[in-house]
Amino acid sequence: MRRLPRAVMWYLRELFGENAYDKYVAHLARHHPGQQPMSRREFEWERTDRLDRNPGARCC
Amino acid sequence: MATAPTMPSSRPPVAVEHRTTWTLPKILLWVAIAILGGISWTIIALVRGESVNAIWFVFAALSSYAIAYRFYARFIVTRVLKVDDTRATPAEQLEDGKDYNRTDRRVLYGHHFAAIAGAGPLVGPVLAAQMGYLPGTLWIIVGVIFAGAVQDLLVLFFSMRRNGRSLGQMAREEIGPVGGIAALVAVLTIMIIILAVLALVVVNALAESPWGVFSIAMTIPIALFMGFYLRYLRPGRVIEVSGIGVALLLLAIIAGGWVADSGLADFFTLDKVTLVWALIIYGFTASVLPVWMLLAPRDYLSTFMKVGVIALLAVAIILVRPVLEMPAFTDFAFNGKGPAFSGALFPFVFITIACGALSGFHALISSGTTPKMLEKESQVRLIGYGGMLTESFVAIMALVAATSIDQGLYFSMNAAAGVTGGTAEGAAAFVNNSLGLANVTITPEALEAAARAVEEETLVSRTGGAPTLAIGLSQILATLFGGGALTAFWYHFAIMFEALFILTTVDAGTRVGRFMLQDTIGNVWPRWKETSWRPGAWAASAVIVAAWGSILLMGVTDPLGGINTLFPLFGIANQLLAAVALAVCVTIFMKSGRAKWVWVPGIPLVFDAVVTLTASYQKIFSSDPSIGYWANRQRYQEALAAGETSLGPAQSVDAMQAVVRNTFVQGTLSILFALLIIIILLDALRVSIKAYRGGKVTTAEAPYVPSRIFAPSGMVPTPEERDLQEEWDAWVAKHPDDVMANAGGAGATEPAGGS
């Protein structure tokens, strides 16, 4: 039963991209060791601003 | 175990072989599902004389979906498309952390569903309910299985095999420049019609309703607050801010009730035309502001509400099990004289219900965005076919809600103000004397009581579907939570989420339309392609907003009632886009050596083309003024020429001139749509025949690149997939530096932990 809230939280974090930053940091650490990652703020700003150019259609 | 034992050091296989072993329990399970489906369908379709319980619709839908997903979708994926899990998807090959992102299949399913489903499946079935419950139910379930879900699946697959090409690009590459240009024009016009009609639904739901206007207006400061929170206070904390946003939203709904009872009520009581201008200003502003301020947070809010509301609805319908009031068929199915929209069952039920059965707009999402995020080819079944089945279920729930309210109330709400006069007495007189349905009656007192129960001024002529659905939902939800005391809350809750979904579509649609326009102009004037160039962005936004805004304005001021004149255009536009998508699929089938399976997209294409062209034909050539735009126009022109000052619902010369103007615009759009569909079909046919005669594979698929990763294909992994996943987990632990196995891989595995 303890797994359910955890799974829901995992799902929401994935769906809303809340763990995108963690993934990015892990990715840098693994593939580009030594490279300084962006701060969370810089990363999130860039992620949102990409939507300025590609908002993605929403259907009816 | 489908996988051979491997040496611990060698890379595990990237796919399992899906072989079916029919064990006795499995056979019994499917037999049971089939029997349940059979019983449910018999009760819905054949048993007459007694009221039907909604639960049979749920069973009929779910068992039909299960069989279709297990057998038909699987057949399409394995035999027809021959998906290949040893082949790297675009997300694996081109992963860039931006557009191309390997995304866990369950998460992608959520993304895709949130992008395809909105207010559409909630509105169409409500209007189609005027013909009775059976036409809509049959089309929603049969249509999704053989047409809608097939279209979404095929477009997703073909776009994935082409590195995520958009529908327009595929039309150009596979059919040719003529088909390509026609597809581009179709996409842009359709987008505008869809935005206008959806906005019309919102305006009709909010007009003269201070409670509704206040709650919806509050979504703007709430979204702005969320935007600033995510930008400056706690960047990236989307879930917590969405939680706060949803709480504020509920508060805004409750507060709406206080506002409606206070001195502020007049300030928030707006007529339709004022609301249109507010929406136009809002749409333009939202489209030029940076997305972080308004669009992105509103989208988070809308997604949260979407998932929550749909789950709530399913639970409520299963627990309450309302009894349907509407019969299987009303006379309107055959005589075409229904007040919500004119025209008989064929073809108009198939036009009115687009989203939920077959929706061409989905092809824009199944190409472009979603295919760039798939981890494995075989996942197209879950995402494309499964996602659309879920939307279809939403449509069934909406139909159940709309058909479970009193018929007299339903028809009073869905008849245009021109025939009811907008008063309870007028509506009752219309329903009792002119509607022409035996056994359907209502009293003015009952109408007033129904309005009081949800704390609205009136429910008469609240066309557009949203208020009707909200009444149905409020009755179901109030049975479950809160009883009569909360009926008004649930009504406005339902209005709120429908309006929220629609405004999100309007925001995003205006922006997407702006980019399409900028891109098109950019072909001759390159500067326009720079999306950050302010004058271009402003001008393009203004053009798009003006386009849908003028149609919206025309709709709300239409003396004949905007919904019943414009909704058919919305449906025709959406089904036209489906014809484009299916024509592209048929062409690709013929060019890629799949000619013997061409009936898979071919049958829905022929059906869709017949429906759309018949509807267009009737809208253009019908001599019945209630159906044919031009016939009606001529009728009003002649009346004006004869010096008459009123005709039907148009009570003044101005109103009569408005009808002449509106029918011209509507008739012209009908002709444009019909011409586009004919051009695209002929061009696709030409290319298909040529490809078939040539007998060679000439399609523009991206080359095969072997996959180096593994991911399960369905929602729940099979035992074989589980075993292989364990093998991979062990292998990854030993090879932490493997680029492919790890890239973006956090999402590829189960939720962390499991202890």
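Modeller: A residue is called buried under 20% relative accessible area, exposed over 50%, and partly exposed in between (1.4 Å probe, protein chains only). The model is predicted, so local features need pLDDT of at least 70 and side-chain atom pairs count only at pLDDT 80 or more, while totals for chains, interfaces and linings use all residues. Residues are numbered from 1 along each chain as written, chains are lettered from A and ligands numbered from 1 in written order, and side-chain values use heavy atoms, without hydrogens and water.

Over all chains, the whole structure holds 26 salt bridges (a side-chain nitrogen of Lys or Arg within 4 Å of a carboxyl oxygen of Asp or Glu). One of them joins B:Glu95 to B:Arg102, with the closest N and O atoms 3.8 Å apart. B:Arg102 is buried, because its relative accessible area is 6%, and B:Glu95 is partly exposed at 25%.

B:Asp104 and B:Arg106 form another bridge, with 2.9 Å from N to O. B:Asp104 is buried at 0% relative accessibility, and B:Arg106 is buried with a value of 12%.

A further bridge links B:Lys529 and B:Asp519 at 3.8 Å, N to O. B:Asp519 belongs to helix H23 (487–522) of chain B and B:Lys529 to the loop between H23 and helix H24 (534–557), so the pair ties together parts ten residues apart in sequence. Helices here are DSSP runs (H or I, at least four residues), numbered from the N terminus. B:Lys529 is partly exposed at 40% relative accessibility, and B:Asp519 is partly exposed at 42%.

Finally, B:Arg87, B:Arg161, B:Glu377 and B:Glu701 are joined into one network by salt bridges that share partners.

Key
Helices (H or I, at least four residues) and strands (E, at least two) are DSSP runs, numbered from the N terminus.
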